[in-house]
Amino acid sequence: DAFVNEVASGLQRLGLPGDALELEITESVAMRDPVRTGVLLRQLRGLGVALAIEQKLADAPRAQQAWRAVLDLDPQDEQALRHLEALYQGGEQWSELDEIYDRLQELLHARQEGGAEVLPEIEGLRFQQAMLHEEMLDDSAGAIDLYRAILEAAPQNLRARQSLDRL
């Protein structure tokens with residue numbers, strides 16, 4: 001894409017790394033073509049460029065559409081998953097949020113297999129997901145399974161033990 005090439009060329013000309021630049025994508029630009037926007041977001045992030053999009057989008061469904069387009073290109077894109085997590089929380093879209101928690105945990109487990117220390121982050125996500133099941137999805141059985149999974153991996157987790165005892 002010519003825009004991405006121009007950004008890369010400008011960074012190179014100035015001798016700057018990609019993370020020295022933050023771009024803000026406006027609603028009118030992003031929503032002309034959400035799929036193309038998804039491709040551009042991915043390419044720009046590939047350069048290391050920081051992006052701001054959902055805060056500027058008045059229409060959360062359109063922001064969700066843009067980030068889902070990124071996930072269509074790369075289902076393991078953590079930034080897109082994190083943006084969708086925030087959008088689904090804000091929109092009280094609990095089933096969609098539950099799916100995002102599953103996908104984030106899969107991503108973290110893959111990192112863990114690669115040697116990364118992500119157990120505290122996995123525990124945190126599982127705890128959030130358990131509370132989601134308990135409080136928003138009215139699914140005590142699902143919450144119990146998640147609290148048990150936390151305790152299986154980290155038997156010392158007092159919050160999970162107390163929550164499980166409460167249920």
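## A charge over a ring

Arg 159 sits over the face of Phe 127, at 3.8 Å from the ring centre. The model described here is a predicted one. A search of the whole structure for pairs of aromatic rings finds 1.

## Helix 5 beside helix 7

Helix 5 covers residues 78-90, and helix 7 covers residues 119-135. The axes of these two helices come within 15 Å and cross at roughly 30 degrees. Angles under 35 degrees count as roughly parallel, and helix 5 and helix 7 are therefore described as roughly parallel to each other.

The crossing of helix 5 past helix 7 is left-handed. On the helix 5 side, the contact is made by Glu 78, Arg 82, Glu 85 and Gln 89. On the helix 7 side, Glu 121, Leu 125 and Gln 128 take part.

## Leu 81 in helix 5

Another residue of helix 5 is Leu 81. Is Leu 81 buried or exposed? The relative accessible area of Leu 81 is 0%. Buried means under 20%, so Leu 81 is buried.

Which residues does Leu 81 touch, leaving aside those up to four places away in sequence? They are Leu 71, Pro 75, Ile 100, Arg 103, Leu 104 and Leu 107. Helix 6 spans residues 94-113, and Ile 100, Arg 103, Leu 104 and Leu 107 from that list have numbers in this range. A further distance can be given for Leu 81: its C-alpha atom is separated by 8.4 Å from that of Arg 68, and the two residues are 13 apart along the chain.

Most residues other than glycine have a negative phi. Two residues are described here against that background.

Glu 92 is not a glycine, yet has a positive phi of about 55 degrees. Glu 92 is placed in the loop between helix 5 and helix 6. With a relative accessible area of 56%, Glu 92 is exposed, because the cut-off for exposed is over 50%.

Asp 138 is also a residue other than glycine with a positive phi, in this case near 50 degrees. Where is Asp 138 found? Asp 138 is in the loop between helix 7 and helix 8, and helix 8 runs over residues 140-153. The relative accessibility of Asp 138 is 69%, so Asp 138 counts as exposed too.

Notes: Residues numbered from 1 in each chain as written. Predicted model: local features only at pLDDT ≥ 70, side-chain atom pairs only at ≥ 80, totals over all residues. Heavy atoms only, no water. Helix = DSSP H or I, 4+ residues; strand = E, 2+ residues; numbered from the N terminus. Buried < 20%, exposed > 50% of the residue type's maximum accessible area, 1.4 Å probe, protein only. Phe/Tyr/Trp six-rings, centres within 6.5 Å; stacked < 30°, edge-to-face > 60°. Lys NZ or Arg CZ within 6 Å of the ring centre and 35° of its normal. Contact = heavy atoms within 4.5 Å. Axes fitted to C-alpha atoms, helices over the stretch in contact; angles between N-to-C directions. Parallel < 35°, antiparallel > 145°, perpendicular 65-115°, else oblique. Left-handed = near helix turned anticlockwise from the far one by under 90°.
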